[in-house]
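Welcome! Open your viewer, get ready to select residues by chain and number, and follow along stop by stop.

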Amino acid sequence: MNILLCCSAGMSTSLLVQKMKKEAKEMGMDAKIWAVAMSSVQQDIKSADVLLVGPQIRFKLAELKKLGEAYGIPVEMISPTDYGMMNGKKVIEFALRLKKSRC
Amino acid sequence: MNKVNYFLEEKVMPVAGRIANQKHLQSVRDGLALAMPLLIIGSLFLLISAFPIPGYREFMTGIFGDMWRSKILYPVNVTFDVMSIFASFGIAYRLAEKYSVDPLSAAAISLSSFLLVTPLVIPFTPTEMTETFMVNGIPIKYMGSQGLFVAIIIAIISTEIYRRFIQKDIVIKMPQGVPPAVSMSFAALIPAGFILSLMLVLRIGIEHTSFENIHNIITKLITVPLSLLGGSLGGIIISVFIVGLFWSMGIHGWAVVSAVMSPIWLILRDQNRMIFMADSNAILPNIATDQFFLLWVFLGGAGATLAFTILLTFRAKSKQLKSLGKLSFGSAIFNINEPIIFGSPIVMNPILMLPFIFIPVITALTTYFAMHIGFVEKPCGIAVPWTTPIIISGYLAAGGKISGSIMQIINFIISLALYYPFFRMWDKKKCEEEDIMEEMVS
């Protein structure tokens, strides 16, 4: 499963990526998780199964959802609370739910 | 408070979204981002050429000869001094990408158009002569920050025309069986021909006016007024206020404000850089560069939250706030503070929104006046990545002057003192919540 995260510069989402990777390892999940700046999403979305968007750029959500539709993958905003507490576990579960609801 | 929240969510948010999402503004920002890593590398060489140690220059001259300084500045010539070329290329590329038309063709046409409206001659005065001749060549003075707005405008115009041709399918069609790569290469012919003809008419038309070329027009009508506005104290305060306001709604305020302001700040920064390069002790003209905001005003990220993070880590009684402090302490040193903004939370929290918005306004004022009276060196144009920790970043961005670090420390202490009462209030409230939760569990 490939989980792509994006925010303005890909900095703070990369913090969350670290936590998620740790969590994925503990869950024994085979996942590629990475973060990019919003200007690079067009490239990276090609290899993603799900795109999660930082709440601070939620004004981009509509546009990114449209992009997600073109590639047939779900795009959603990360809950601000989970984002603030850098809750890797909850965000991974969220990503899994999104993926499932799509299949 | 609900009324305020409602107003922010319903009225201000959509505006923020529209600005940050506006295709052209976004392409300008993303296109300029192409030059940023190169400017940082150029800065490295600039720093080597002007290292602030007494006797350093003499030492280097002793080893490498008289010309060492101009040679070490070669990389500056191909980064800072040609940033409009990157802009012309990068902005068209990003804009074309948003319209899903071939970005590389759009970028090439944009660059060609930019050069076409620029007079390709350089004034040249031979030694021992007083007469100046015009010789052929690409005038470097228009390729740097001075040509930036022309590059931006031409990139947008040429790409807008280009994508209309492609989207309306006004292209040379190849018979079936011709490989797609071949027909792609012909697709750009009609739009490119049209765009370059248009630019030619523009160029010749302006040559007949007293402006002589488009750069003179844009400088006079756009660059100068906008730099005055953006560089003024009023412009600074408004920018800082809006960044804080948007972030306290959970919107990336910097992304919104810099979408509008980044070309102006870049030009102001580069004016300082050119003067600093000629003489590293010169008094620089501009305060409002992007570095002013990122490195001196927003210590630890928007809201100047470094002080707040330290309070959370070392003084919080609430378990949740303390663990948030510990969690985000490391990233706060590198000026990343989303965990603090969403975790505390500052977003839509009346107790913390107030200091979050207004403390940076105060640090902007202190820094502005300290730089204005010459107590602190102005940002010299050396591009320091915004993730650089304070003290180091201030020293480097001020051109290797310790006053830059001192200003950061002063601002840090101010923000610490001003955050403290609000921190106490919120910590107390959180403790009470946690107590109630515990009682309920037991």
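Let us begin with a term for the first stop: a nonpolar core is a set of buried Ala, Val, Leu, Ile, Met, Phe, Trp, Tyr and Cys residues joined through C-beta atoms within 7 Å. Buried is the label for a residue with 20 or more other C-beta atoms within 10 Å of its own, while 12 or fewer makes it exposed and anything in between partly exposed, with C-beta atoms placed from the backbone.

You are looking at a predicted model, in which local features need pLDDT of at least 70 and side-chain atom pairs count only at pLDDT 80 or more, while totals for chains, interfaces and linings use all residues. Residues are numbered from 1 along each chain as its sequence is written, and chains are lettered from A and ligands numbered from 1 in the order in which they are written.

**Stop 1: the core.** Select C6(A), L51(A), L52(A), A87(B) and A92(B): these have the most contacts inside the largest nonpolar core, which has 150 residues. Now pick helix α15 of chain B, residues 253-278, which gives the most to this core, with 13 residues. (Helices are DSSP runs of H or I with at least four residues, strands are runs of E with at least two, and both are numbered from the N terminus.) Colour domain 1 (79-230) and domain 2 (242-441) of chain B; both give residues to this core, so it lies between them. These bounds come from an automatic or database domain assignment.

**Stop 2: between the domains.** Taken over C-alpha atoms, the centres of domain 1 and domain 2 of chain B are 38 Å apart. Across the boundary, 10 residues of domain 1 of chain B are in contact with 10 residues of domain 2 of chain B; contact here means C-beta atoms, placed from the backbone, within 7 Å. On the domain 1 side that touches domain 2, α13(B) gives the most, with four residues.

**Stop 3: C7(A).** Which strand holds C7(A)? Select strand β1 of chain A, residues 2-7, and you will find C7(A) there. UniProt, in an unreviewed entry, places the feature "modified residue: Phosphocysteine" at C7(A); such annotations may be inferred rather than shown by experiment. C7(A) is buried, with 27 other C-beta atoms within 10 Å.

**Stop 4: where the chains meet.** Show both chains: 18 residues of chain A are in contact with 21 residues of chain B. On the chain A side, α4(A) gives the largest share, three residues.

Conventions:
Two residues are in contact if their C-beta atoms, placed from the backbone, lie within 7 Å.
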